[in-house]
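Reader: Please take me through the labels on this model and the cut-offs behind them.

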Amino acid sequence: MNPQPSPTDQVLRPKVIGPHALAQYYRRAIILWSVIFFMLVGGIFWSGWQRQFAIEVNLIKQRVQESAVNLKTIIKAASDEITQLSSWANNFPKNEPGSSANLVQKSLGSGQLAAVAGEFSLEERAAWPPAQRVGQMLALSGAKQPRAGGAPSNHDLGVAILDRLGDGLRTSDFLRWTYFNAASKDLLVVAPWAPKKDFLADEHSIASFLAHAWTYEVATAGSPENNPGRQPYWTKAYLDQVGAGLMVSHGAPVYWGDEFVGVVATDLQLDFLNAFLRHFPDPDGMLVIANAQGQILGDRSEKTAVGPDGIKRIDSVLSPDWHGAVGKSQLQGVRKGDDLLFTSSLGAPGWTLVFKLPQATVNARVAKAYTNKFYLLLVLVLSAFVIQYVLWRMYVSPALLIADFVTRGATDTEQPVMPDIPGIWRPWFAAISRTFGERQHYLTQLQSSHELLEQRVQERTQELLQANQELRDKRAEAEQANLDKSRFLAAASHDLRQPAHALGMFIDRLDLFSSDPQSKGLVVSAKAAVREMQDMLDDMFDLSRLDVESTQIQIQSFPISTLFDALQHGLANEANAKGLRLRVRPSAVWLKTDPTLLRRILLNLVNNSIRYTRAGSILVACRPTLSGTHARIEVWDSGIGIAPEDQQKVFQEFYQVANPQRDRRLGLGVGLSIVERCCRLLGLPISLRSALGAGTRVTITVPLSKSNLEMRDENDLLSSVPNETTGRHVLLIEDDAMGREALAGMLTAWGYSVIAAEGAKMAADGLQKDQPPDIIISDLRLGDGVNGIEAVRRLQILAGQKIPACVISGDTDARARQEVEAAGLILLSKPVRPAKLRSVLRHMTDLAPEKRTP
């Protein structure tokens with residue numbers, strides 16, 4: 001009876017695998033390896049072919065581009081000639097003709113010109129030497145009439161141009177004629193000199209020829225209605241009337257001040273293009289030069305068909321599928337059907353170098369260059385199969401027997417029978433056999449240690465899970481306590497701002513009635529204390545709003561100049577009071593983020609710099625980054641600086657480096673904390689660089705915007721308003737008695753006539769339709785269940801007109817601001833600075849109807 005195997009033995013005994021099964025597995029592995037090997041070799045061959053194909057295409061592309069560059073240089077020489085002549089002719093009023101021009105003018109006097117029925121030319125100078133011939137002039141008697149204002153006639157201008165051109169203006173072999181054609185159609189000047197008959201051709205007179213000359217494209221393309229920009233231009237190709245072959249003209253308009261007086265142009269013989277193309281280094285394929293009108297200007301094959309106008313067309317060498325591609329964009333090896341197409345633009349003339357090559361030609365070149373690599377891959381494949389066969393016969397078959405022996409030794413309780421293998425393998429089997437006896441003992445100990453270790457790991461894991469849960473509970477309690485604190489501060493904002501708002505109004509009103517210096521001093525001190533209290537309230541409530549995440553982000557495009565103007569306007573006086581210079585560098589950059597939060601960030605940064613800078617200046621600047629997608633806003637100061645160990649702590653709440661005595665004049669120490677949280681909400685990177693005694697630089701990176709949307713800024717709203725307030729009626733709605741009394745008293749002291757109401761109903765009952773108020777000021781929260789927005793709307797309906805109005809609120813919720821702005825009203829946050837309230841009242845006074853006599 002055999003004993004039952006223990007669980008440990010069942011785990012440690014693997015399944016017996018015989019040599020035949022191993023051989024089958026190996027054969028499958030060989031097949032899989034062979035497939036992978038063939039795929040790898042095929043991939044190498046294919047990638048090598050593609051690389052060689054790309055090399056051939058790039059070589060052709062390089063040849064096309066080099067030819068295009070060389071041809072551009074040749075064309076530029078002709079273009080430069082007409083550009084220089086056009087520039088000289090347009091500046092002719094500033095360039096008085098020289099002595100040589102006067103001699104030419106004298107030699108071309110009317111007494112020496114051949115004239116027939118009001119026409120004259122230089123035909124009689126045909127027998128003169130070229131140096132004296134100057135050029136040809138075909139003109140009517142009207143060409144000698146001077147222009148108004150003492151300007152020279154067309155004849156005088158033509159003579160000056162002849163003097164400029166001379167008889168030898170042919171810098172290149174392909175330049176044929178250079179001429180000036182008057183806009184009045186009474187003058188044509190030609191250089192080099194040519195007989196009159198060459199130009200008249202079938203025309204019976206000079207007058208007829210000049211009239212028809214302006215029907216040609218080279219003349220009409222320079223007229224103001226066709227060329228308002230006064231730019232040089234190129235015409236389409238045409239066949240020369242005197243047998244010079246295919247030509248194209250390059251012209252430019254000529255102006256006398258603002259008066260269009262004609263065109264200067266030069267004719268180019270295009271025969272040189274055929275010779276140029278014949279030197280192209282690639283002998284195969286089709287190579288032509290075409291213009292934007294589809295005319296072929298040069299063709300090295302000379303086998304293209306001629307169109308109805310006697311000029312070859314691109315249609316004869318390209319299929320209809322290619323027509324739209326030529327001339328619109330550069331094509332580099334684009335495949336269409338059985339051909340590859342290469343094009344390169346030649347610039348200003350609008351010409352395109354077109355090279356079409358059969359793909360079969362490129363494949364043949366690749367095959368020729370890739371033959372040696374193909375043979376090498378074939379040798380590698382054959383070698384791999386030979387090596388595989390040798391390994392099977394010499395090593396794999398014996399190794400399979402050894403594997404069978406090892407497998408049985410690992411599972412059987414007795415020593416397995418030695419296999420019949422070559423003698424070279426027998427020393428290995430002796431060592432393997434000795435190890436089988438020791439293996440079982442070691443495995444049993446290993447299993448026992450494994451179970452003990454697993455038990456200890458489970459116990460420790462349970463302890464860690466329990467400790468982690470306790471830590472999460474305590475963290476949740478702390479976060480909830482902090483959130484409750486922030487919610488309490490946010491909820492108390494309205495109630496705390498109300499008395500602060502009233503106190504500020506009472507003190508400003510008291511300032512108006514204080515006359516003796518001692519009282520004035522007390523009022524100034526009280527004002528400073530209230531301002532510090534209001535600043536601290538603003539910081540506390542801003543921080544609480546960010547903690548409870550009540551701020552809603554509104555990403556939009558706006559110019560940074562609006563925020564910079566607000567900084568300059570709002571903080572310059574505070575900086576000047578400390579003897580500091582606040583510089584805000586102008587910028588035309590447009591940003592894309594939340595302008596309200598970014599404005600809060602900049603205000604806190606600049607305020608912080610003013611507080612901790614004793615002497616020097618503060619600089620605010622914005623400039624785009626090198627990537628062109630973002631801009632960096634930087635705030636520099638020459639203040640006390642921050643030590644390296646404090647540079648991360650300054651972004652914590654209530655941390656102040658240079659205020660160990662907690663001087664409240666330096667704030668609560670939450671400005672940079674608000675900056676850091678606003679940047680985190682907007683996803684804006686912020687960095688700080690500083691050194692003790694060397695100032696501080698804070699950098700914020702903001703996305704750029706390409707939009708030109710206009711933004712309304714509160715500073716724009718409050719600027720350029722009148723100062724006239726006397727006699728204006730203000731309807732004040734405030735449910736808080738203290739705030740109502742303070743604000744009413746301040747308005748009365750400023751010269752306004754005030755009607756104060758506790759709620760919307762009282763205000764509506766006291767409204768006089770025949771004399772409505774000029775301005776309405778209402779608190780947002782009113783005690784009678786109607787908010788300030790609805791109260792203003794009802795009063796405007798009762799008055800029958802759009803009365804300017806503003807709403808005052810102590811709410812910190814962003815939704816309150818959105819509701820007020822959606823109603824088209826102005827929102828002021830409590831506590832309201834008297835200066836800001838007065839600016840808003842002046843603006844609304846400007847919007848109100850003309851002042852009425854009470």
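Author: Helix α19 (residues 737-749) has 13 residues, and its first and last C-alpha atoms are 18 Å apart, close to the 18 Å expected at 1.5 Å a residue. This is a predicted model, in which local features need pLDDT of at least 70 and side-chain atom pairs count only at pLDDT 80 or more, while totals for chains, interfaces and linings use all residues. Residues are numbered from 1 along each chain as its sequence is written, and side-chain values use heavy atoms, with hydrogens and water left out.

Reader: Which residues of α19 are buried, and what follows the helix?

Author: Buried means under 20% relative accessible area, exposed means over 50%, and partly exposed is in between (1.4 Å probe, protein chains only). In α19 the buried residues are G739, R740, A742, L743, A744, G745, M746 and L747. After α19 comes G751, with a positive phi near 105 degrees.

Reader: How do you know that the length of α15 fits a helix?

Author: Helix α15 (residues 560-577) has 18 residues, which at 1.5 Å a residue should span 26 Å; its end C-alpha atoms are 26 Å apart, so the two values agree. α15 also has a kink of about 45 degrees, centred on L571. The bend at a residue is the angle between two axes, one fitted to the seven residues ending there and one to the seven starting there. L571 is among the buried residues of α15, along with I560, T562, L563, F564, A566, L567, A572 and A575. G579 follows α15, and its phi is positive, near 75 degrees.

Reader: Why is the pair of Y255 and F260 called tilted?

Author: Rings of Phe, Tyr and Trp (its six-membered ring) pair if their centres lie within 6.5 Å; planes under 30 degrees apart count as stacked, over 60 as edge-to-face and the rest as tilted. By this rule there are five aromatic pairs. In one of them, the ring centres of Y255 and F260 are 5.4 Å apart and the planes meet at 55 degrees, so the pair is tilted. Y255 has 4% relative accessibility and therefore counts as buried; F260, at 16%, counts as buried too.

Reader: Why does the pair of F342 and F355 count as tilted, and which elements hold the two residues?

Author: The ring centres of F342 and F355 are 6.3 Å apart and the planes are at 35 degrees, so this pair is tilted. F342 is in strand β13 (residues 339-345) and F355 in strand β14 (residues 352-358), so the pair ties together parts that are 13 residues apart in sequence. Both F342 and F355 are buried. Elsewhere, W214, Y255 and F260 make up one aromatic cluster.

Reader: What makes a contact a salt bridge, and how many are there?

Author: A side-chain nitrogen of Lys or Arg has to lie within 4 Å of a carboxyl oxygen of Asp or Glu. The count by this rule is 13 salt bridges. One of them joins the side chains of D284 and R365, at 2.9 Å from N to O. This pair links distant parts of the chain, 81 residues apart: D284 is in the loop between α9 (271-278) and β10 (286-290), and R365 is in helix α11. D284, at 33% relative accessibility, counts as partly exposed.

Reader: Is E634 buried or exposed, and what does its side chain meet?

Author: The relative accessible area of E634 is 6%, so E634 is buried. Its side chain meets that of R632 in a salt bridge of 3.8 Å, N to O. R632 has 28% relative accessibility and therefore counts as partly exposed.

Reader: Why is R680 called exposed, and where does R680 lie relative to E676?

Author: R680 has 54% relative accessibility, so it counts as exposed. R680 and E676 are both in helix α17 (residues 671-682), four residues apart, about one turn of the helix. Their salt bridge has its closest N and O atoms 2.8 Å apart.

Definitions and conventions: Expected span 1.5 Å × (residues − 1).
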